[in-house]
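The exercises below are to be worked with the sequence and the coordinates at hand. Each task is followed by its solution in steps.

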Amino acid sequence: METATQHHVEVLANLKANLESCILGKSAEIELLLTAMLAGGHVLLEDVPGTGKTVLIKALAKSISGQFRRIQCNPDLLPTDITGVSIYHPKEEKFLFRSGPIMTNILLVDEINRATTKTQSALLEAMEEQHITVDGDLHELPSPFLMLATQNPIDFEGTYTLPEAQLDRFMIKLSLGYPSEAAEKMMIASQSKVHPMEALHAIVDTKQVLDMQEQVRLVHLDEAVADYLVTISRKTREHHAVFLGASPRATLSLVLASKAYAFIHGRDYVIPDDIKYLAPFVLGHRMILQMEARMDGITIASVLATIFEQVRVPVRLEK
């Protein structure tokens with residue numbers, strides 16, 4: 001059965017072009033964002049302020065006709081500020097649930113590392129189970145639900161480190177970085193009169209996104225390619241420089257991300273290059289190096305590069 005149809009490829013190309021009209025020179029990063037969306041995962045954007053993270057996320061919500069909400073994290077933010085709260089209604093003589101900003105399709109959690117650990121934990125259930133529990137009552141989140149969190153990597157004052165359990169629930173971690181000189185000049189010209197966001201139009205609706213998410217799960221993963229993926233994941237736990245390797249959840253995330261990436265590129269099957277390309281973005285933030293390794297200048301990227309050299313790539317021989 002063909003899953004990555006020409007129609008879907010064209011739709012995704014238009015969606016990508018729509019986002020690129022707002023964020024110039026970030027084609028690869030936009031492709032990773034779409035990969036996470038199609039795979040049903042969440043994204044952690046770690047970057048300095050002013051690189052276009054918020055604009056990109058708002059542009060995505062507008063491009064898929066999705067509802068957008070934003071949470072600005074700070075130390076006095078409470079869990080109920082995110083999930084909502086039950087308020088007693090005297091006339092009806094019962095408690096009524098007033099939903100918080102988490103009841104949306106696209107949720108931007110800005111500077112997530114400024115929220116306390118208790119508030120951060122309020123997001124865990126939503127990220128994993130696609131629902132929240134308030135006063136013992138379960139509330140389903142809208143579908144699709146995509147959470148994109150940002151954090152500033154250089155500001156340590158007034159921040160709280162994300163726990164490993166929460167990092168493990170982000171499918172992809174990426175950084176936009178500064179634009180090139182040419183892209184920055186184009187940005188000045190494009191925003192001299194009106195912001196590109198104002199001219200942005202919807203490419204798909206949320207129903208079409210859900211349909212593509214279902215199609216992504218039908219993308220074929222050959223047994224040999226699956227063995228290649230699992231071996232890479234297991235090697236991260238066995239490497240002498242690694243204190244904590246990728247979890248089984250990370251393995252499953254890499255499977256879904258690889259299927260989504262193949263789907264975007266018009267294939268109904270995963271190839272080893274998909275896995276090799278995505279592994280640093282899917283596994284990297286889930287790995288913790290030994291203290292001695294960090295002091296010796298070893299990085300996550302160098303560890304993964306070593307693992308790629310050690311694992312044999314499956315090759316199909318044609319007669």
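A nonpolar core is a set of buried Ala, Val, Leu, Ile, Met, Phe, Trp, Tyr and Cys residues joined through side-chain atoms within 4.5 Å. The model is predicted.

**Exercise 1.** Find which residues of the largest nonpolar core touch the most other members.

Solution. 
- The core holds 69 residues, and Met37, Leu38, Leu60 and Leu283 touch the most other members.
- Helix H10 (residues 248-264) supplies the largest share of this core, 10 residues.
- Take Leu38: beyond residues up to four places away in sequence, Leu38 touches Leu12, Met212, Gln213, Val216, Ala260, Phe263 and Ile264.
- A second, separate core has 23 residues, including Cys73, Ile82, Ala126 and Leu141.

**Exercise 2.** Decide whether Ile64 is buried or exposed.

Solution. 
- Locate Ile64 in the loop between helix H3 (53-63) and strand E2 (68-72).
- The cut-off for buried is under 20% relative accessible area.
- Ile64 has a relative accessible area of 1%, so Ile64 is buried.
- Leaving out residues up to four places away in sequence, Ile64 touches Leu15, Met37, Ile106, Val204, Asp205, Thr206 and Val209.

**Exercise 3.** Classify the packing of helix H9 (residues 223-238) against helix H13 (residues 300-310).

Solution. 
- The angle is about 130 degrees, and the axes are 10 Å apart.
- The crossing of H9 past H13 is right-handed.
- Ile232, Lys235 and Thr236 of H9 meet Leu304, Ile307, Phe308 and Gln310 of H13.
- The contact residues comprise four nonpolar, two polar and one charged.

Methods:
Residues are numbered from 1 along each chain as its sequence is written. This is a predicted model: local features need pLDDT of at least 70, side-chain atom pairs count only at pLDDT 80 or more; totals for chains, interfaces and linings use all residues. Side-chain values use heavy atoms; hydrogens and water are left out. Axes are lines fitted to C-alpha atoms, for helices over the stretch in contact, and angles run from 0 to 180 degrees between N-to-C directions. Helices (H or I, at least four residues) and strands (E, at least two) are DSSP runs, numbered from the N terminus. A crossing is left-handed if the near helix is turned anticlockwise from the far one by less than a right angle, and right-handed if clockwise. Contact means heavy atoms within 4.5 Å. Ala, Val, Leu, Ile, Met, Phe, Trp, Tyr, Cys and Pro count as nonpolar, Asp, Glu, Lys and Arg as charged, and the others, Gly among them, as polar. Buried means under 20% relative accessible area, exposed over 50%, partly exposed in between (1.4 Å probe, protein chains only).
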